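Good morning, and thank you for making time for this presentation. Please look at the sequence and the structure first, and I will then take you through them.

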Amino acid sequence: MIAEAGHYALVLALGLALIQATVPILGAWLRDGALMNVARSTALAQLAFAAASFAALVWLHVSSDFSVVNVFENSHSMKPLLYKITGVWGNHEGSMLLWVSILALFGGLVAAFGNNLPLSLRAHVLAVQAWIASAFYLFILLTSNPFLRIADPPIEGRDLNPVLQDIGLAIHPPMLYLGYVGFSISFSFAVAALIEGRVDAAWARWVRPWTLMAWVFLTLGIAMGSYWAYYELGWGGWWFWDPVENASLMPWLAGTALLHSAVVMEKRNALKVWTILLSILTFSLSLLGTFLVRSGVLTSVHAFATDPTRGVFILLILCVFIGGSLTLFAWRASALKQGGLFAPISREGALVLNNLFLTTACATVFVGTLYPLALEVLTGDKISVGAPFFNLTFGPLFVPLLLAVPFGPLLAWKRGDLAGAAQRLIAAGVTALLAVAMVAAWTRGGAVLAPLAIGLAVFVIAGAVADLAERIGLFRNRFAVTLRRAFGLPRSTWGTMFAHAGVGVALIGIVCETTWNSEYIASMKEGDVARIAGYALKLEGATQRQGPNFREQIARFAVSRGGKALDPMTPSKRSFSTRGMSTTEAALQTHGVSQLYVSLGETAADGTIAVRIYHKPLVLLIWFGPLLMAFGGLLSLSDRRLRVGAPKPAKPSRAMQAAE
Amino acid sequence: MIGGAGVVLAIAAALVLSALRDSIVFFSTPQMVAEQHIAAGKRFRLGGVVEPGSLQRGADLAVAFKVSDGSNTLPVAYKGILPDLFREGQGVIAEGALDAAGVFKADTVLAKHDETYMPKDVADALKKQGHWKDDYDKKPGGQAASAQPAVAKQGLTQ
């Protein structure tokens, strides 16, 4: 009954989406306010039905109703409640339902909070949202129905893939989808602008908060996924340049570029056409990511789904939306009035540079990800493009970008003063050089590039702080004045500082982890001691334990450093009988922002255990960086000038900056 | 400004092309290795089925096994911990290079990630050679994990 209700709700949501996709457009064409307002109510109703459908699937999973195929294949009555819920999106059908539910959520938000939008713009935006939603409802109903019943219900389910039975599944996919799908809003705004043939600074002001919100979620989603892979897979890697990861990185890069170009458009009314194009590209890349993961075209070891009808259907969606929007762009872009010109050395110029490098970096990832697919289709040769390719292309493109990051915020709009900016960055530059010298001296004879990279990271962080210090007049004014100025600064300025510093923080973590990671791999007997990076780990023994739906073998290590005992570490290996699979549960111990990492291999007949131990210096910075970036994003989002639905900016920010 | 953009794009294109030349890795099966005479030291990915009964463990985590595609077999040597899902009689992909004696020295071993899944490359290669058995193909319906991280990459790199 619940399954049928969920299915029916989804059909109704499709019906509403079809109305929402057509009637408001007709209304805008006839200039009929009532028809245009249909968009608002249908978007809200559509959200209600999509949410009901999703809730139905959650209920089926929680109540372990194995008469539903989706529940049977991905759940087990003994599974802990949390994983019963997260298991809803730990499979193809459920994750697509989550995808459209989030799409409906964003549509509903625009409908609910978009009262200050011009009526026709809102009608168009919601109609475009509904086109996307209709396509995905159809996809689910025709090829991936999560509510299918089994005629002869089994009494027990086949359990969720054990690798996915982790808190990571609760956070990572929803975050990622909020990011992916969030970019549909800027896409819809872009298409609506093209349809209306009108775009102005106000348009950018409406689009920016949505883009920023999506970007924050995507940043957190990617970082969470990376940390999850790091601790769950048992070999300490945190980024593999796997196509599925690249699929999320590409929209992130394009979205970051969009975030910056939208600023130029809002403040200077320039880069209009480019911003529209970026909005389209960012969401297109999100769709491409969905296609790559969902269609199973990848040789990637983690695209499990292999059903050609689904692949072809998503490919069709991809072609219609990307092709359609780009055609519309080609046809209508010339109708948009070009904005003002500006000097190359200016805030706008710096942001253009940012866009140039980000989109180029995005393009190299695109080539590396799709080239093997194209080659296989064209010649039948199978190749893999791995980390070396991306390190050789992505790395060099990011160096000039990062060098330029501190300069951007210090340049004025319209016409900047490069020498002046450089002068204000002297302190940051000196700090960076000191960092290079210190690291090089400390690791003498070691890697050459690593100290330089750390210097670059320090420059980015110090540059962000220098920009802030400049604005609040640190050391130049009395403390009370400085403090008052610090509180008076727009939150988006603070946001910029945190986000830029976050990039530097992440870079330090990445460089340290990859350069000075130490590892110890051996088979150990009881009583053996492993020594790594000043720590001694003694294998004290192994025990067996029965979990709710698995058995696990736990090894106990006594850890000490310099003779001082630390907390013991207990890595384990779980075997899940339902699927005959085993997973490795690594043990992690945090010291400052560095980590000790122990994971187990197989146990030999004589009782020796294969063990992998890593010491990962400053590894946590890799994820603190993105957290800082997301925090910066949230701060900016809370800026009253940017608040979602803020009627009008209180004051143009140029005036505020000039007053300081 | 457009000139600057052109320069960046040109540099990027040059980087991509040179990286593509140096860092792509081809996929081969034992049959293809036998036919093509791949030079010792050239990196490639070897795919096939771990031949039942061929797995030998040496001292200090050294392992040796044979990879077969039905027509040919190739001995593989690896040192380290095998993935959780590595099993005899099932699909595997190893990355590394041949040594002078014709043994494939692997530095990375990737195994399939559930008991019925076969790496796509391996499945395609086996199908092409007519050694495909239908029971490899029993896909556990809709086990796709959503947008998870490299969850399935049960590999080890050293």
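Predicted model: local features only at pLDDT ≥ 70, side-chain atom pairs only at ≥ 80, totals over all residues.

Residues are numbered from 1 along each chain as its sequence is written, and chains are lettered from A and ligands numbered from 1 in the order in which they are written.

Let us start with chain A. It contains 21 helices and 11 strands; helices are DSSP runs of H or I with at least four residues, strands are runs of E with at least two, and both are numbered from the N terminus. The radius of gyration of chain A is 27 Å, close to the 26 Å from the globule rule for 660 residues, so chain A is as compact as a globular protein of that length. Here the radius is taken over C-alpha atoms, and the rule is 2.2 Å times the number of residues to the power 0.38. The C-alpha trace of chain A spans about 80 × 75 × 55 Å along its principal axes.

Of the 660 residues in chain A, 55% count as buried. A residue is buried if 20 or more other C-beta atoms lie within 10 Å of its own, exposed if 12 or fewer do, and partly exposed in between, with C-beta atoms placed from the backbone. Among contacts in chain A between residues at least 6 apart in sequence, 74% join residues at least 24 apart; a contact requires C-beta atoms, placed from the backbone, within 7 Å.

Chain B has 3 helices and 8 strands. Read from the N terminus, its elements run α-β-α-β-β-β-β-β-β-α-β. Of its 158 residues, 46% count as buried. In chain B, 57% of the contacts with a separation of 6 or more are between residues 24 or more positions apart.

I now turn to helix packing in chain A. Two packed helices are described by the angle between their axes and the distance between the axes. The axes are lines fitted to C-alpha atoms, for helices over the stretch in contact, and angles run from 0 to 180 degrees between N-to-C directions.

How do α12(A) and α13(A) lie relative to each other? Helix α12 (residues 347–379) and helix α13 (residues 387–404) of chain A pack at about 175 degrees, with their axes 10 Å apart. They are therefore roughly antiparallel; that label covers angles over 145 degrees, while under 35 is roughly parallel, 65 to 115 roughly perpendicular and the rest oblique. Among the residues that meet are A:Phe357 and A:Leu358 of α12(A) and A:Phe394 and A:Leu397 of α13(A). The residues of this contact divide into 14 nonpolar, 5 polar and no charged. Ala, Val, Leu, Ile, Met, Phe, Trp, Tyr, Cys and Pro count as nonpolar, Asp, Glu, Lys and Arg as charged, and the others, Gly among them, as polar.

The next pair is α8(A) and helix α20 (residues 621–638) of chain A, which pack at about 165 degrees with axes 9 Å apart. These two helices are therefore also roughly antiparallel. Residues in the contact include A:Trp215 of α8(A) and A:Trp623 of α20(A). By class, this contact has 15 nonpolar, 4 polar and no charged residues.

Helix α8 (residues 201–232) also holds A:Arg208. A:Arg208 counts as buried, with 23 C-beta neighbours inside 10 Å. A:Arg208 and A:Leu258 are 50 residues apart in sequence, and their C-alpha atoms are 8.8 Å apart.

The axes of helix α7 (residues 167–196) and helix α9 (residues 243–268) of chain A come within 11 Å and cross at roughly 45 degrees. The two are therefore oblique to each other. The contact includes A:Phe183 of α7(A) and A:Leu258 of α9(A). Its residues comprise 5 nonpolar, 3 polar and no charged.

A:Arg31, between α1 (2–30) and α2 (33–62) of chain A, has a positive phi of about 55 degrees although it is not a glycine. With 10 C-beta neighbours inside 10 Å, A:Arg31 counts as exposed. A:Ala533, between β3 (529–532) and β4 (535–546) of chain A, has a positive phi near 45 degrees. A:Ala533 is partly exposed, with 18 other C-beta atoms within 10 Å.

A:Pro571 lies in the loop between β6 (564–565) and β7 (572–576) of chain A. Is A:Pro571 buried or exposed? With 23 C-beta neighbours inside 10 Å, A:Pro571 counts as buried. Its contacts beyond four places in sequence include A:Ala555, A:Glu585 and A:Val598.

Note on methods
Contact = placed C-beta atoms within 7 Å.
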